[in-house]
Amino acid sequence: MIYSKQREIIYNAMKDNRSHPTADELYNQLKPKNPQLSIGTVYRNLNLLVEKGLIDRIKVPNGPDRFDRKDSPHYHMICKVCGKAFDIPKSYIEINKNALNKDDIALVEELNVICYGKCRDCI
């Protein structure tokens, strides 16, 4: 991957971020200390980091994509009230990929679970 200072800033911000930011949220976080940063640069670099497998994209129906650092395997919860996204350990939700693959209907190679509900702050 071609090095750029702005990509490094974006990647380091993602590595330290547990809030699953949108591109706009990340831009607003980084802009005060990086006045040369543009929103287009943030979008392009987030897309490149996803393409290279360095971060994950969380597709949110009826909302902007959120981005997540790569760490231990986990699923996600999205609050339907405030829109906050947070991690759910995979051990909380057991899914048997072998059962999904039976009968030669399909071969599940990757599983992404997003739960929707209310976070503790919105209950």
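Which residues does L46 touch, not counting residues up to four places away in sequence? The legends below take up this contact set and other details of a predicted model.

**Figure 1. Overall view of the predicted chain.** The model is a prediction, with an average pLDDT of 88 over the chain and 96% of the residues scoring at least 70. The chain holds four helices and five strands, and their order along the sequence is α-α-α-β-β-β-β-α-β. Along its principal axes, the C-alpha trace spans about 55 × 40 × 25 Å. Of the 123 residues in the chain, 32% are buried. Contacts between residues at least 6 apart in sequence include 49% that join residues at least 24 apart. Where pLDDT is low, the predicted coordinates should not be read in detail.

**Figure 2. Close-up of L46 and the largest nonpolar core.** L46 touches I10, M14, A23, L26, I55 and F67, with residues up to four places away in sequence left out of the count. The largest nonpolar core has 14 residues, and those touching the most other members are I10, L26, L30, V42 and L46. Two or more residues of this core come from each of α1 (5–15), α2 (23–30) and α3 (39–51). In soluble globular proteins, nonpolar side chains tend to be buried together.

**Figure 3. Close-up of helix α2 and its buried face.** The buried residues shown in α2 are A23, L26, Y27 and L30. Seen down the helix axis, the buried residues of α2 fall within an arc of 100 degrees, so they line one face of the helix. The cover over the buried residues of α2 includes α1, α3 and β2 (66–69).

**Figure 4. Close-up of H74 and its polar partners.** H74 lies in strand β3 (residues 74–79) and is buried, with a relative accessible area of 14%. The side chain of H74 makes a polar contact of 2.7 Å with the side chain of D68, and another of 3.1 Å with that of D87. Not counting residues up to four places away in sequence, H74 touches H20, D68, D87, I88, P89 and K90.

Figure 5. H20 is found in the loop between α1 and α2. Its relative accessibility is 1%, so H20 counts as buried. H20 is not a glycine, yet it has a positive phi of about 55 degrees. Most residues other than glycine have a negative phi. H20 is also one of the residues that H74 touches.

Figure 6. Zero disulfides are found in a search of the whole structure. C79 is in no disulfide, and the nearest cysteine sulfur, that of C82, is 3.7 Å away; a disulfide requires the two sulfur atoms to be within 2.5 Å. C79 is buried, with a relative accessible area of 2%. C115 is partly exposed, with a relative accessible area of 21%.

Conventions. Residues numbered from 1 in each chain as written. Predicted model: local features only at pLDDT ≥ 70, side-chain atom pairs only at ≥ 80, totals over all residues. Heavy atoms only, no water. Buried < 20%, exposed > 50% of the residue type's maximum accessible area, 1.4 Å probe, protein only. Core = buried A, V, L, I, M, F, W, Y, C linked by side-chain atoms within 4.5 Å. Contact = heavy atoms within 4.5 Å. pLDDT = per-residue confidence, 0-100. Polar contact = N/O pair within 3.5 Å; in protein donor to acceptor, adjacent residues only side chain to side chain. Arc of directions from axis to C-beta.
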